[in-house]
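The sequence and the structure are shown first, and the description follows.

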Amino acid sequence: QLQLVESGGDLVQPGGSLRLSCVGSGFTLDTYTIGWFHQVPGKEREGVSCIGSSHGMTYYADSVKGRFTVSRDNAKNTVYLQMNSLKPEDTGVYYCATGCSDYPGNIWGRGTQVTVSS
């Protein structure tokens, strides 16, 4: 079983912060590029951020640059997405997956809901 499990989503006010976690089950994440994706009902899933297996290899969508930070804790088999200065448009389901942005892999989590109240 190869699984990713997201957690950390919550209801927050604009300007607030959350830290999402993506935990691997059945495999280790440290050799994979892991991406974070955002989806709003009725819209396509969009790549938000990703982190490579090598230190310092990161990607951020323009919409989140300066606000979100992706990181790894290999000892916990976890990838994090620190989300600061949250905006209402950040609302949606956040998924983690192998791969990055427009080139995701085939292993996906089931998502965690983030709601930023306006």
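Strand S8 is largely enclosed by the rest of the structure, because 5 of its 6 residues are buried. The description rests on a predicted model.

**Strand S8 and its neighbours**

S8 spans residues 78–83. It pairs with strand S3 (residues 18–25) in the antiparallel sense, over 6 bridges. In that pairing, Cys 22 has Val 79 of S8 as its bridge partner. S8 also pairs with strand S7 (residues 68–73), again antiparallel and over 6 bridges. S7 and S8 form a hairpin with 4 residues between them. In the turn of this hairpin, Asn 77 has a positive phi of about 55°.

Thr 78 lies in S8. Its relative accessibility is 5%, and Thr 78 therefore counts as buried, the limit being under 20%. The side chain of Thr 78 reaches the backbone oxygen of Lys 76 at a distance of 2.7 Å. Leaving aside residues up to four places away in sequence, Thr 78 touches Ser 21, Cys 22, Val 23, Leu 29, Ser 71, Arg 72 and Asp 73. Cys 22, one of these contacts, is the residue whose bridge partner in S8 is Val 79.

| Strands paired | Bridges | Facing residues |
|---|---|---|
| S4 and S9 | 6 bridges | Trp 36 and Cys 96 |
| S9 and S11 (residues 112–116) | 3 bridges | Gly 92 and Val 114 |
| S9 and S10 (residues 103–108) | 3 bridges | Gly 99 and Pro 104 |

S9 and S10 form a hairpin with 2 residues between them.

**Two serines with positive phi**

Ser 85 and Ser 101 can be considered together. Ser 85 has a positive phi of about 50° although it is not a glycine, and this residue lies in the loop between S8 and S9. Ser 101 has a phi near 55°, also a positive value in a residue other than glycine. Ser 101 is placed in the loop between S9 and S10, in the turn of the hairpin that these two strands form.

Are these serines buried or exposed, or in between? Ser 85 counts as partly exposed because its relative accessibility is 41%, between the limits of 20% and 50%. Ser 101 is buried, because its relative accessible area of 17% is under 20%.

**The largest pocket**

Rolling a probe the size of a water molecule over the atoms shows where empty space is left. The largest pocket has a volume of about 250 Å³. It is lined by 17 residues, of which His 38, Glu 46, Ser 63, Glu 89 and Asp 90 are the closest to its centre. By class, the lining comprises 6 nonpolar, 4 polar and 7 charged residues.

Strand S4 (34–39) and strand S5 (46–51) each supply at least two residues of this lining. The largest share, 3 residues, comes from S5. S4 also belongs to the pairing described above, in which it runs antiparallel to S9 over 6 bridges.

How values were computed
Residues are numbered from 1 along each chain as its sequence is written. This is a predicted model: local features need pLDDT of at least 70, side-chain atom pairs count only at pLDDT 80 or more; totals for chains, interfaces and linings use all residues. Side-chain values use heavy atoms; hydrogens and water are left out. Buried means under 20% relative accessible area, exposed over 50%, partly exposed in between (1.4 Å probe, protein chains only). A polar contact is a pair of N or O atoms within 3.5 Å; within protein, one must be able to donate a hydrogen and the other to accept it, and residues adjacent in sequence count only if both atoms are side-chain atoms. Contact means heavy atoms within 4.5 Å. On a 1 Å grid over the protein atoms alone, a cavity is a set of points where a 1.4 Å probe fits but cannot get out, and a pocket is an open set with protein on both sides within 12 Å along at least five of seven lines; lining residues have an atom within 4 Å of a point. Grid points are joined across faces, edges and corners, and a volume is the space filled by probe spheres set on the points. Ala, Val, Leu, Ile, Met, Phe, Trp, Tyr, Cys and Pro count as nonpolar, Asp, Glu, Lys and Arg as charged, and the others, Gly among them, as polar. Two strands pair if DSSP finds at least two bridges between them.
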